[in-house]
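I opened my notebook beside the model and looked things up one by one. These are my entries.

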Amino acid sequence: MINPNQNNGFFDFISELPLFFILFGGIIFTLVFGTFAYVIIKGLSSYFSNNAAEITRQRSKIVDKRSEVWGGSGDSSANTSHFITFEFEDHTRKELQVRSDQYGLITVGDQGELIYQGTRFKEFIRQY
């Protein structure tokens with residue numbers, strides 16, 4: 001039989017908190033958990049979508065390059081993402097993220113064959 005005068009520990013602590021704190025804590029927990037779930041689902045969706053896409057080869061011209069630096073506050077190091085914009089023969093454009101070693105080898109004005117899969121850069125073969 002349960003003794004009503006018995007200390008239930010954590011549940012006694014929760015029951016003594018004002019409703020505002022309980023609701024506020026629940027909202028914060030839901031937002032944090034929801035954000036993590038969204039980022040994970042979006043990343044997996046992009047990964048599987050790229051894997052399902054066919055590998056495409058198209059003649060293209062490099063029309064722009066850009067870098068995006070993020071992080072680097074306090075003791076943490078900065079990260080750099082590199083992007084190249086390719087223009088195809090039908091004048092459509094596609095911007096793809098590329099690795100640093102590829103970014104340094106490709107210059108604006110280069111022409112050649114772009115190989116990509118979905119939004120994933122594979123290779124650029126320059127035509128001389």
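**Entry 1: strand pairing**

How many bridges join strand 1 to strand 4, and do they run parallel or antiparallel? I counted seven bridges, and the two strands run antiparallel. I call two strands paired if DSSP finds at least two bridges between them. This is a predicted model, in which local features need pLDDT of at least 70 and side-chain atom pairs count only at pLDDT 80 or more, while totals for chains, interfaces and linings use all residues. Residues are numbered from 1 along each chain as its sequence is written, and side-chain values use heavy atoms, with hydrogens and water left out.

Next I looked at strand 1 and strand 2. They pair in the antiparallel sense over 11 bridges. They also form a hairpin, with six residues between them. In the turn I found G72, with a positive phi of about 85°.

Then I followed S60. Its bridge partner in strand 4 is G112. Its bridge partner in strand 2 is F88.

**Entry 2: the whole chain**

I stepped back to list the elements. The chain has three helices and five strands. I take both from DSSP runs, numbered from the N terminus: helices are H or I with at least four residues, strands are E with at least two. Along the sequence I read α-α-β-β-β-α-β-β.

I looked up burial next. Of the 128 residues in the chain, 20% are buried. Buried means under 20% relative accessible area, exposed means over 50%, and partly exposed is in between (1.4 Å probe, protein chains only).

The accessible surface of the chain is about 9900 Å². Carbon and sulfur atoms hold 60% of that surface. The areas come from the Shrake-Rupley method with a 1.4 Å probe, and for residues only the protein chains shown count as cover.

I also checked contacts, meaning heavy atoms within 4.5 Å. Among contacts with a separation of 6 or more, 46% are between residues 24 or more positions apart.

**Entry 3: salt bridges**

How many salt bridges does the structure hold? I noted seven. Each is a side-chain nitrogen of Lys or Arg within 4 Å of a carboxyl oxygen of Asp or Glu.

I started with R66. Its side chain meets that of E95 in a salt bridge at 2.8 Å, N to O. This pair links distant parts of the chain: R66 is in strand 1 (residues 55-71), E95 is in strand 3, and they are 29 residues apart. R66 also meets E68 in a salt bridge, at 3.4 Å. So R66, E68 and E95 are linked in a network of salt bridges.

Are these residues buried or exposed? R66 is partly exposed at 32% relative accessibility. E68 is partly exposed at 36%, and E95 is partly exposed at 38%.

I then turned to D110 and R126. Their side chains form a salt bridge at 3.0 Å, N to O. D110 sits in the loop between helix 3 (100-105) and strand 4 (111-117), R126 sits in strand 5 (residues 120-126), and the two are 16 residues apart. D110 is buried at 12%, whereas R126 is partly exposed at 28%.

**Entry 4: around E87**

I found E87 in strand 2. It is buried, with a relative accessible area of 18%. A polar contact of 3.0 Å joins its side chain to that of R93. A polar contact is a pair of N or O atoms within 3.5 Å; within protein, one must be able to donate a hydrogen and the other to accept it, and residues adjacent in sequence count only if both atoms are side-chain atoms.

I left aside neighbours within four places in sequence and listed what else E87 touches: R59, S60, K61, V63, T92 and R93.

**Entry 5: H91**

I looked up H91 in the loop between strand 2 (78-88) and strand 3 (93-98). Its phi is near 70°, a positive value in a residue other than glycine. H91 is exposed at 62% relative accessible area.

**Entry 6: aromatic rings**

I searched the whole structure and got five aromatic pairs. Rings of Phe, Tyr and Trp (its six-membered ring) pair if their centres lie within 6.5 Å; planes under 30 degrees apart are stacked, over 60 edge-to-face, and the rest tilted.

The ring centres of Y47 and F48 are 5.3 Å apart and their planes are at 75°, so I noted the pair as edge-to-face. Y47 is partly exposed at 46%, and F48 is exposed at 53%. Elsewhere, ring pairs link F86, F121 and F124 into a cluster.
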